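Please open the model in your viewer and keep the sequence panel beside it. The tour below goes from one selection to the next and says what is found at each stop.

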Amino acid sequence: MKLAFYGATGEVTGSMHMISSEADNVLLDCGLFQGRRADVAKKNRDVPFDSADITNIVLSHAHIDHSGRIPLLSRNGFAGRVVTTRATKDACEYMLRDAAHIQESDADYLNYKAVRAALHRQAGETGKGGHHGANHVRKLLKLDRHRLNNEKVRELAQKFSVPLVDPLYSDADAVAALSAFEGVPYRTPITIGRDMTVTFYEAGHILGSAVSIITCRENGSVKRVCYTGDLGRFGKVIIKDPNLDFAPEDREIDLLVIESTYGSREHEPVHDLSGRVKQVLNDAFDRGGSVLIPAFAYGRTQEILYSIHELYDSGEVRKVPVYVDSPLAINLTKVFGEHPEAYNGEAQETFLKRGENPFIFRNVHFTPSVEESMEIMRDDRPHIVISASGMCEFGRILHHLRYKIHNPANTILIVGYMAEHTLGRRILEQGMAYQETGGKGEPPVMRILGKEYPLMARVERIEGFSAHADKHELLRFVKESNLVVRRAAVVHGEKEQAACFADTLRKEGINAVVPVHGQKIAV
Ligand SMILES: [Zn+2]
């Protein structure tokens, strides 16, 4: 048996590894590379094997950097099953179709830009350029301010021989892929190939996330791989901790494939989070301002809601309206509500035993329609808005920022990781730097949807919400679990983080490597 590493090597996105036995090729995750469009477009299209050769896919959790290329494989001829937990299957119903929608809109936008450039070139050549020309082109290619006239774009592309970009996959591909999903319970061996099984255990990262133990019997010997997927923190709200107690038949591990997002970093303690949230909310309300929280639709949104629910119940903050303004988050909050079996003891005790849904309380409003979303933007009484995308790259959060970013009474609360080159990262870094000067001089200027806005709102960060284990928690999983690990491959971390965690493992006497893209390791 061998393992090949095709993604999340020296980086944190595009998770995809292949286990090959004599009879089968099984993928561990099949994620999308994320980052700047120019950097990732080709990486996502180039699948380094024939999709029809894959027997099955084992999916660790629903995040797009782990699941987002499954529709592409389906489109390319993958005909097997996607084996995952029940909650992950339910979440993917929404996540993958949302991802397809993003791919489709992305392709539409690129095609619009290409045709627009062709029209401008032509206007320049015929002398009919200038302002009038640009306006004319915009009217021709757009239905209104925000909607493209895709039919017209395609028609003109053909006329001017502009090559069109296809989306990576379509909604139809996502729907086809979803029919291959099989949701299975934790701690139950499932056949995924000839003499090959997978058993899932809680990973504590996100609802439905799993550590996978793959067992393969080949030529009279048994080999076992443990794939952590993304590992969560210990003691968090809502979901259970990463599992430390594996069944006797799953404990002897020939190769541990472990994530290392925070392989050399330490997080704030989990128990301080509620106090920090309380302080940030009260400070903003005392200034007469509102709080805007950019958050991923799956996980972070529900954790924040849970935390606010607790603070509201205990009367520690003023009960202002809370708006969850992200259609995807609204659907995924339903998935959370449907899987209380994944909750930890505290969540069971605090809410479920009282018959309450932890995410639905008096002051919460879910705003699926655009009209309702516009209403909130005009509301100048203190309130809380939770909206996506988490890194402020697209989605309704951008409209809320336009309305709130210039007002020093408001707070932008950052609760998630902000990748380089994102608006979220610029708000975080430049906002914090400006605050450190005591708000002297010119405020930083942020470009949002084509216009510039001064960043005068307060920027606060609470790091402890991270869904990823820090270096101590990663090591705790290895040392305190009853797994006996012979060798380890460290993935899903930027180079420095992965190298550092591999060092940590070596100090514990575990032979650890950091595989490079395409590397194969015999097990
Ligand atoms: Zn994840």
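How many bridges join strand β14 (residues 322-325) to β16? Select both strands and you will find that 4 bridges join them, and that the two run parallel. Helices (H or I, at least four residues) and strands (E, at least two) are DSSP runs, numbered from the N terminus, and two strands pair if DSSP finds at least two bridges between them.

Before going further, note that this is a predicted model, in which local features need pLDDT of at least 70 and side-chain atom pairs count only at pLDDT 80 or more, while totals for chains, interfaces and linings use all residues. Residues are numbered from 1 along each chain as its sequence is written.

Stay with β16 and display Val385, which is the bridge partner of Tyr323.

Next, select helix α8 (residues 273-286) together with helix α9 (residues 300-313), which pack at an angle of about 75 degrees with their axes 10 Å apart; axes are lines fitted to C-alpha atoms, for helices over the stretch in contact, and angles run from 0 to 180 degrees between N-to-C directions. That angle makes α8 roughly perpendicular to α9, a term that covers 65 to 115 degrees. The contact (C-beta atoms, placed from the backbone, within 7 Å) is made by Leu273, Ser274, Val277 and Lys278 of α8 and Ser307, Glu310 and Leu311 of α9.

Then move to the open sheet of 7 strands, whose order is β7-β8-β9-β10-β12-β22-β23, with mixed pairing. Its edge strands are β7 (190-193) and β23 (511-513), each of which pairs on one side only. Within this sheet, select β9 (residues 210-218) and β10 (residues 221-227), which run antiparallel and are joined by 7 bridges. Finish on Ser221 in strand β10, the bridge partner of Glu218; Ser221 counts as exposed because it has 9 C-beta neighbours inside 10 Å.

How values were computed. Buried ≥ 20, exposed ≤ 12 C-beta atoms within 10 Å, placed from the backbone. Parallel < 35°, antiparallel > 145°, perpendicular 65-115°, else oblique. Contact = placed C-beta atoms within 7 Å.
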